[in-house]
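Have a look at it first, then go through the notes below.

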Amino acid sequence: MALIQIKNLKTKALIGINEWEKKKAQKIIINLSFSYDSKIPETTDNIDDAIDYYTIKQKILQTATSSSFNLLERLANEILQLLLQTDKRITNASVEIDKPAALEEAESVSVKIYT
């Protein structure tokens with residue numbers, strides 16, 4: 001088994017319930033992990049046998065930047081479902097999204113969902 005992690009993927013998204021948040025993209029930070037049976041790529045050393053995390057990153061950025069969301073929970077679920085649908089070999093996954101500007105007094109607010 002392999003655990004793949006994408007850490008601190010930064011982008012901007014239209015996310016929030018306030019009117020200004022629906023008009024101005026805000027910085028978000030995405031962390032995710034997923035596991036899959038990696039026995040074949042461990043021996044073949046062939047990307048075609050592995051899960052291509054570059055492709056996954058591209059799909060995540062497309063999802064985050066192409067729509068608007070009221071809640072971090074909704075965006076996190078969209079990304080989680082994207083992971084599970086991208087490759088049937090993914091057995092467990094988690095997605096955490098940080099919104100640094102959510103609370104003035106805090107470094108960040110985050111939501112984490114998982115299978």
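Lys10, Lys12, Lys24 and Lys27 form a positive surface patch. Patch members have over 30% relative accessible area and no salt bridge, and like charges are joined within 9 Å; a salt bridge puts a side-chain nitrogen of Lys or Arg within 4 Å of a carboxyl oxygen of Asp or Glu. This is a predicted model: local features need pLDDT of at least 70, side-chain atom pairs need 80 or more, and totals for chains, interfaces and linings use all residues. Residues are numbered from 1 along each chain as its sequence is written, and side-chain values use heavy atoms, with hydrogens and water left out.

**Strands and layout**
- Lys10 sits in strand β1 (residues 2-15), while Ser33 belongs to strand β2 (residues 26-36).
- The chain has 4 helices and 5 strands, running β-α-β-α-α-β-α-β-β along the sequence; these are DSSP runs, with helices (H or I) of at least four residues and strands (E) of at least two.
- Along the principal axes, the C-alpha atoms fill a box of roughly 50 × 25 × 20 Å.

**Around Ser33**
- Ser33 counts as buried because its relative accessibility is 15%, and buried means under 20% with a 1.4 Å probe, protein chains only.
- Beyond neighbours within four places in sequence, Ser33 is in contact with Leu3, Ile4, Gln5, Asn92, Ala93 and Ser94, where contact means heavy atoms within 4.5 Å.

**Whole chain**
- Of the 115 residues, 39% are buried.
- Among contacts between residues at least 6 apart in sequence, 58% join residues at least 24 apart.

How values were computed. Buried < 20%, exposed > 50% of the residue type's maximum accessible area, 1.4 Å probe, protein only. Patch = residues over 30% accessible without salt bridge, like charges linked within 9 Å, V, L, I, M, F, W, Y side chains within 5 Å. Areas by Shrake-Rupley, 256 points an atom, 1.4 Å probe, with all protein chains shown as cover. Lys, Arg positive; Asp, Glu negative; His and termini not counted. Charge placed at Lys NZ, Arg CZ, Asp CG, Glu CD.
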